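Work through the exercises below with the structure open beside you. Try each task before reading its solution.

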Amino acid sequence: MDTMFCYPETYDVTVVGAGHAGYEASLAAAKLGCHTLLLTMNLDTIGLMSCNPAIGGLAKGQLVKEIDALGGIMGKAIDATGIQFRVLNTKKGPAVQSSRAQADRQRYRLWVKQALESVKNLDIKQGLVERVLVKETRVIGVETSISERFFARAVILAPGTFLNGLIHIGLTQFPAGRLGEMPATGVSHCLSSLGFEIGRLKTGTTPRLDARTIDFDVMAQQPGDRCPKPFSFSSPGISQDQIPCYITYTNSKTHEIIREGFDRSPLFTGIIQGTGARYCPSIEDKVRRFPEKTRHQIFIEPEGYHTAEVYPNGIPTSLPLDIQIRMVRSIKGLESAELMRPGYAIEYDFVNPLQIKPTLETKTLDGLYFAGQINGTSGYEEAGAQGLMAGINAALKIQGAKPFILDRSEAYIGVLIDDLVTKGTLEPYRMFTSRAEYRLMLREDNADCRLMEKGYDLGIVDKDDFDNLQFKKKLIAEELARIETTKIQPTDEIQNWLQQHGSAPLKGTLTLKELLKRPEVDYSACRRMHLAPENIPDEVIEQVEIQIKYDGYIQRQQHLIEKFKKMEKTKLPYVKNYNEVPGLSTEVVEKLNRVRPASLGQASRISGITPAAISILMIYAKRREPELRDMHS
């Protein structure tokens, strides 16, 4: 009979899982002074990219920049280990531009592991957690598969796809958290027994190919940006060589082969029960749903400097292996390609996020926090953002400080968490710029101006980084003031210059700000005419130009934010059962009891809550205002 071993010290925070949510959570808690334990099934897979070897992308780049501005390490990790950097949507406005970088997959995980090992207050141990330990309504620690007990004042679960993970390749299925790694089954059973509502989701990945067997010459090359922009605001720049990606396409023959495998597809034979990501479907799903499309784009992405493995982004699949091989070899440039690893689908458990608070602490158990895919999200960036916030809030609660919550007008992180805790999700949640109502204000280029001071006040942003931000803000303010007061006279030189730029001639004197508002006049052109100094950093110019050119839009969005803030400031009292609020329908009562909104604003975002119900809640909150004042004083 095994003897229970209890670790002699009680940790402040224990983090379970060392993926992107786990490493950000443990780092944040440790930097805030909490004695923190990071528990992972395998020390060699800390920070491992399970799927595509890339960080960032549309809306995801914004999340990475916000993580960095708040003191996280995802941006620094990709800057140090990236092999190609690109800014997406450069032909569109700044609100929807996002950074993306290919990573050297192995270097990335090693960089993260080394970074964590150098953090004070952080212990890292290998262990498979089987059970969450609870006393009454409070978490007191975790227990591993070898009967180790680690006691803690707070526990953050960040298990990724390992909760009851089940892999599918054709009609073959087997338990796993990732291909070649065991799943975590005990935690799922434990959470279910504790009363949590558990659901099932599905995601998938592509086969990995051997670059030595690919004909890159027949594909279109996609290089990185000539002057790559780093993710981290503290990064000195990107100095490493960049590797190109390549583009190819599926074709009618590919689609025919895929259809031949439908009868052995776990997706179409009812074997897979979990809900898949709507916006990242498998190739067989795309072929079935869009029969009119004759081809689908594939990005051939290298996995690192010192490996032959490549990731064919665009063909995630759970089709049988023989179909996968024929499918791949029907694609231009891949006629002789060898599969190094098969593609597969994985089903895993998640917890309905309506059961967590905006701090990511569960409503059921005091001191238990969830972060990442356990909350129904997909993506490294969404996971990292949640991990950071869970780590911060677990530490603050232990220290008796106020929770740290970002609202929808402050950050994409605020949008992400508010969506989860207010609306819940029944499918893998992915961040998009369209989810953010105030995206013009939540650009990736100004994440430091928006959030770094908050991170510094919390104690997780270094003083040097904060001082650099203050200097940057000073330069921005000074240059905006100079531009507003600089007068431009309609000289012959100016008129000729404007004509060359396709801009209307001046009818009289105007300010440089008014001139820069013209779409065809940019800051670099002003420099060439000696209307702007040469020594101003590019990051300052970027902020100045955006603020001038989008001034009207920014003011309108700021007005909307002020209206939003008023709704958010109207706090709702705790209501044991919304049946006690007269005038609410049964449906509204049921939804309010489930979400338990903290503010009138949050209540207004719950699906099915009517304007009439909001009016009733507003009156009810006003009547109980004295009680709320006492509660918050």
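The model is predicted: local features need pLDDT of at least 70, side-chain atom pairs count only at pLDDT 80 or more, and totals for chains, interfaces and linings use all residues. Residues are numbered from 1 along each chain as its sequence is written, and side-chain values use heavy atoms, with hydrogens and water left out.

**Exercise 1.** Describe how α3 packs on α4.

Solution. Start with the elements: α3 covers residues 74–81 and α4 covers residues 105–117. Helices (H or I, at least four residues) and strands (E, at least two) are DSSP runs, numbered from the N terminus. Next, take the geometry. The angle is about 135°, and the axes lie 9 Å apart. Axes are lines fitted to C-alpha atoms, for helices over the stretch in contact, with angles from 0 to 180 degrees between N-to-C directions. Therefore α3 is oblique to α4. The classes are: under 35 degrees roughly parallel, over 145 roughly antiparallel, 65 to 115 roughly perpendicular, the rest oblique. Last, list the contacts (heavy atoms within 4.5 Å). Met74, Lys76, Ala77, Ile78, Ala80 and Thr81 of α3 meet Arg107, Tyr108, Trp111 and Val112 of α4. By class, that makes seven nonpolar, one polar and two charged residues. Here Ala, Val, Leu, Ile, Met, Phe, Trp, Tyr, Cys and Pro count as nonpolar, Asp, Glu, Lys and Arg as charged, and the others, Gly among them, as polar.

**Exercise 2.** Find the largest nonpolar core and the residues with the most contacts inside it.

Solution. A nonpolar core is a set of buried Ala, Val, Leu, Ile, Met, Phe, Trp, Tyr and Cys residues joined through side-chain atoms within 4.5 Å. Buried means under 20% relative accessible area, exposed over 50%, partly exposed in between (1.4 Å probe, protein chains only). The largest core has 94 residues, and Leu157 and Leu368 have the most contacts inside it. Helix α9 (residues 380–398) gives the most to this core, with 11 residues. Now look around Leu157.

**Exercise 3.** What is the phi of Ala59, and what is that of Asn164?

Solution. Recall the background: most residues other than glycine have a negative phi. Ala59 has a positive phi, near 70°. Ala59 lies in the loop between β4 (54–56) and α2 (60–69). Its relative accessible area is 0%, so Ala59 is buried. Asn164 has a positive phi of about 55°. Asn164 lies in the loop between β10 (148–157) and β11 (166–169).
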